[in-house]
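Colleague: I would like to learn how to read a protein model, one feature at a time. Please give me the general idea and then the case at hand.

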Amino acid sequence: MSRFRQNYSRKQMIRIVGCISTTLTFCFSVNVTAQSPYSSNEQASRSGIPPYQSKSPSPYQEPPYQSAYPSLPVVKAIKAVPAQPINNPQTLQAKDESATQSPLTGQRGETSYSPVVIKEPFQKTMQRMTQEKPEVQQRHARLLQERYDLSDHPANNITTSRGKKIQEGIRVKLPQGTTWEQLAAKSPEEIKKRGLYPKGFLPLPFPNHPEGGMLFPQFHIDKINSQDKRELTRFDLDYDLPDHFLPEYPPAIYLTTRPDLGDVSQGQVVTINNYYGLFNGILNPKQLEGLRLLVTQFPQQQFNATEDRRCVDPSFGVTCFDCHVNGHTNAATHLVGDIRPQQYRHRIDTPSLRGVYVQQLFGSQRAIKTIEDFTEFEQRAAYFDGDPVIATKKGVNILERGSQVHFMAEFEAILDFPPAPKLDVFGRLDPNKATDIELRGEIIFNGKGRCAECHPAPYYTDNSMHNLQTERFFDPQEYNGCTAIGDGAIKTFPLRGLRDSAPYWHDGRLLTIEDTVEIHNLLLGTKLTAEEKNYLTQFLRCL
């Protein structure tokens with residue numbers, strides 16, 4: 001190699017080494033500077049954002065109704081500076097003191113798992129929780145009274161499919177001295193700053209949020225007890241919402257395969273004792289076997305044979321149709337299994353299985369892609385709070401995909417929406433059958449109200465998920481063991497058969513169709529007049 005080439009190679013090597021050295025110095029300076037004063041001594045944050053707190057309050061400790069915590073500073077973007085020792089106090093002060101975040105956000109639990117070994121004897125647990133029950137329920141009842149008008153005011157001549165009168169009117173209470181029109185005229189920032197967001201629009205907590213679990217309306221408990229001699233009563237808790245806000249019971253069953261039969265339930269609650277007599281000769285053998293599995297008991301978190309249960313006697317469990325009664329819903333409630341820690345879990349109102357044949361997402365936030373997946377996974381999700389460890393202890397039933405799951409899903413896929421006589425084949429109002437007010441409501445639905453952007457005809461769902469960013473309107477807050485920080489992206493549920501499916505939203509926080517109109521008018525900023533909101537309500541009742 002010539003001397004020229006040797007000198008050139010040396011210069012190139014020096015340049016490369018210099019670049020590497022500069023890069024390492026820059027990276028080290030950024031990492032050291034970005035360490036957060038809120039990190040643990042063992043592991044400092046390298047992102048420039050305060051890490052999750054290492055501990056959070058126990059989800060089983062009841063927080064006060066309102067909390068007023070001091071704000072914590074948030075570390076913002078930091079410029080690279082020359083490398084300094086990690087314990088240099090000037091480096092650790094690189095944060096924006098003007099920015100704050102609530103201590104209710106950014107928390108994590110001590111563990112994702114439920115306790116497996118229960119040290120307290122069952123009889124002592126039952127005695128303790130039975131004694132606590134009145135206070136727990138009174139506290140939740142006060143919250144409901146503060147949020148809602150719970151009186152019984154049915155609409156005239158408006159009923160569900162089998163004749164139950166639906167409730168009318170706005171039931172969410174406004175802050176004192178405010179009207180809905182005044183509230184809708186304000187910006188999200190002003191509503192948040194002045195604390196004007198109606199409490200009935202906040203996430204609805206479970207009746208005992210730190211405890212959670214499946215909870216059934218009393219009319220369903222009584223019916224199953226008399227018909228099947230099964231017990232669905234919890235010794236620690238009773239259902240919370242008044243019956244007049246809940247779906248008709250028992251609900252009708254409509255089949256896509258036999259529309260000529262109308263309601264095939266014959267006014268009965270379908271259980272293991274009558275499913276065969278009702279459906280033999282109507283379903284094929286696979287569908288009939290799928291229905292049998294849907295009305296068969298399997299162990300569940302609160303209803304099982306272990307000492308870790310909330311029923312007096314050991315139980316074989318619950319059925320899919322104990323919540324999705326007759327393939328619809330009885331508004332049974334529990335907490336979603338896909339969030340931790342406990343106080344952040346969302347209450348869920350049991351969705352209807354009607355019309356799953358047109359849906360492409362399942363679960364309010366899990367975005368499960370098929371009805372088969374949803375059917376299979378619920379045994380490990382809703383039944384046991386998404387905890388496969390505790391499911392193993394209590395007796396999880398693993399469904400066989402090729403036959404059992406397929407058969408159950410095949411029956412679910414023929415459950416139809418209820419008849420809507422005023423809709424045409426495209427899901428739009430027939431001008432010859434609809435009233436002038438209903439037709440005006442449809443125009444608002446597709447126009448100024450912006451409803452159709454997420455709920456297009458014919459089934460009034462876009463099979464997507466949307467985040468309405470409710471946190472724009474309120475500060476994070478705690479109440480009754482629930483921490484409200486916003487809702488996140490939620491599945492667009494179909495609006496067909498809407499009047500059969502109260503209460504509304506994924507957690508049942510909205511008791512009437514009028515409540516749903518008001519919250520969307522506020523969140524979407526559509527500024528509908530009182531007259532326009534009435535038109536829209538009348539249209540929604542036609543679906």
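Modeller: What follows goes from the whole chain to single residues.

Colleague: What kind of model is this, and how are residues numbered?

Modeller: This is a predicted model, in which local features need pLDDT of at least 70, side-chain atom pairs count only at pLDDT 80 or more, and totals for chains, interfaces and linings use all residues. Residues are numbered from 1 along each chain as its sequence is written, and side-chain values use heavy atoms, with hydrogens and water left out.

Colleague: How many helices and strands does the protein chain have?

Modeller: Helices (H or I, at least four residues) and strands (E, at least two) are DSSP runs, numbered from the N terminus. Here the protein chain has 14 helices and ten strands.

Colleague: What share of the residues is buried?

Modeller: Buried means under 20% relative accessible area, exposed means over 50%, and partly exposed is in between (1.4 Å probe, protein chains only). Of the 543 residues in the protein chain, 50% are buried. Accessible areas themselves come from the Shrake-Rupley method with a 1.4 Å probe; for residues, only the protein chains shown count as cover. For the protein chain the accessible surface is about 26,200 Å², and carbon and sulfur atoms hold 54% of that.

Colleague: What does a contact tell me about the chain?

Modeller: A contact means heavy atoms within 4.5 Å. Among contacts in the protein chain with a separation of 6 or more, 70% are between residues 24 or more positions apart.

Colleague: Which residues have the most contacts inside the largest nonpolar core?

Modeller: A nonpolar core is a set of buried Ala, Val, Leu, Ile, Met, Phe, Trp, Tyr and Cys residues joined through side-chain atoms within 4.5 Å. The largest one has 57 residues, and Y197, F201, F445 and L540 have the most contacts inside it. Helix 3, helix 4, helix 12 (436–446), strand 9 (482–484), helix 13 and helix 14 each give two or more residues to this core. Helix 13 gives the largest share, five residues. Apart from this core lies another, of 46 residues, including V295, I368, F374 and V405. As for F445, residues up to four places away in sequence are not counted, and those that F445 touches include Y460, L495, L536, F539 and L540.

Colleague: Which residues of helix 8 are buried?

Modeller: Helix 8 spans residues 285–294, and its buried residues are Q287, L288, G290, L291, L293 and L294. Their cover includes helix 7 (275–279) and helix 11 (401–412).

Colleague: How many salt bridges does the structure hold?

Modeller: A salt bridge is a side-chain nitrogen of Lys or Arg within 4 Å of a carboxyl oxygen of Asp or Glu. The structure holds 33 of them. In one, the side chains of K286 and E410 meet at 3.2 Å, N to O. K286 is in helix 8 and E410 in helix 11, 124 residues apart, and the pair links these distant parts of the chain. K286 is partly exposed at 33% relative accessible area, whereas E410 is buried at 18%.

Colleague: What does the side chain of N521 reach?

Modeller: A polar contact is a pair of N or O atoms within 3.5 Å; within protein, one must be able to donate a hydrogen and the other to accept it, and residues adjacent in sequence count only if both atoms are side-chain atoms. N521 is found in helix 13 and is buried, at 3% relative accessible area. The N521 side chain reaches the backbone nitrogen of L528 at 2.8 Å. At the start of helix 8, a side-chain oxygen of N284 comes within 3.0 Å of the backbone nitrogen of K286.
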